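Subject: Structure handover

Hi,

Here's the structure I promised to pass on. Have it open while you read, and my notes on what turned up in it follow below.

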Amino acid sequence: MSGSVTGTSWILVLGSFLAVTGLVVALWSRVILRSVWQPITNAEPSPAVIVYGPFKLMRHPIYFARLSFFTGVMCMTNTHLLPLAIGYFLVLSCRARAEERLLCKANKDYSIYLFKMRRVPRLFFIKGPSS
């Protein structure tokens, strides 16, 4: 049946969507961060805490993007390895927690941002409380 998504092709469509979403969110996040971005090993006070764009929707959009891209590629290539995405999610969650601790030490404004965004998950698009 032409034009319909059947059989295993739905997983390819899903994988493509996740991979492209990951790339778009990663690029969007990097453009928003611009000169404020720094490797986590160099966590130093930054001139500003970014609270708009993808950072208004989630606390760690680049980690979300990496997970989305990884999961998408797994869907498109090795669906039997898809459970590795769960492990990757756990790794990224631990990294996000560690990064938050370092950034709180380096920048008091980041602690305020975390408090305001406490109900916004680290890795997923869910609108938090407005304040």
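Let's begin with serine 68, which sits in helix H3; helices here are DSSP runs of H or I with at least four residues, strands are runs of E with at least two, and both are numbered from the N terminus. At 5% relative accessibility, serine 68 counts as buried. By that I mean under 20% relative accessible area, while exposed is over 50% and partly exposed is in between (1.4 Å probe, protein chains only). Setting aside neighbours within four places in sequence, serine 68 is in contact with Leu18, Ala19, Thr21 and Gly22, where contact means heavy atoms within 4.5 Å.

A word on where this comes from: it's a predicted model, local features need pLDDT of at least 70, side-chain atom pairs count only at pLDDT 80 or more, and totals for chains, interfaces and linings use all residues. Residues are numbered from 1 along each chain as its sequence is written, and side-chain values use heavy atoms, with hydrogens and water left out.

Now the overall picture. The chain has five helices and zero strands, so to speak an α-α-α-α-α pattern when you read along the sequence. Of its 131 residues, 32% are buried. If you take the contacts between residues at least 6 apart in sequence, 72% of them join residues at least 24 apart. The chain exposes about 8,300 Å², and carbon and sulfur atoms supply 68% of that (areas by the Shrake-Rupley method with a 1.4 Å probe; for residues, only the protein chains shown count as cover).

Next, helix H5, residues 108-116. Its buried residues are Tyr110, Tyr113 and Leu114. Looking down the axis of H5, these buried residues fall within an arc of 100°, so they line one face of the helix; the arc is taken from the directions between the helix axis and the C-beta atoms. Lys108 and Phe115 are exposed on the other side of H5. What do the buried residues of H5 pack against? They pack against helix H2 (54-57) and helix H4 (84-106).

On to the aromatics. The structure holds two aromatic pairs. Rings of Phe, Tyr and Trp (its six-membered ring) pair if their centres lie within 6.5 Å; planes under 30 degrees apart count as stacked, over 60 as edge-to-face and the rest as tilted. The rings of phenylalanine 70 and tyrosine 88 have centres 4.8 Å apart and planes at 45°, so this pair is tilted. Phenylalanine 70 lies in helix H3 (residues 61-77) and tyrosine 88 in helix H4, so the pair ties together parts 18 residues apart in sequence. Tyrosine 110 and tyrosine 113 also form a tilted pair, 5.4 Å centre to centre with 45° between the planes. Those two tyrosines are separated by about one helical turn because they are three residues apart in helix H5.

How many salt bridges does a search of the whole structure find? One, counting a side-chain nitrogen of Lys or Arg within 4 Å of a carboxyl oxygen of Asp or Glu. Glutamate 100 pairs with arginine 59, with the closest N and O atoms 2.9 Å apart. Glutamate 100 is in helix H4 and arginine 59 in the loop between H2 and H3, 41 residues apart, and the pair links distant parts of the chain. Both residues, glutamate 100 and arginine 59, are buried.

Last stop: tryptophan 28 in helix H1. Tryptophan 28 is partly exposed, with a relative accessible area of 37%. Not counting residues up to four places away in sequence, tryptophan 28 touches Gly53, Pro54 and Leu57. Tryptophan 28 and proline 54 are 26 residues apart in sequence, and 7.4 Å apart in space, C-alpha to C-alpha.

Cheers
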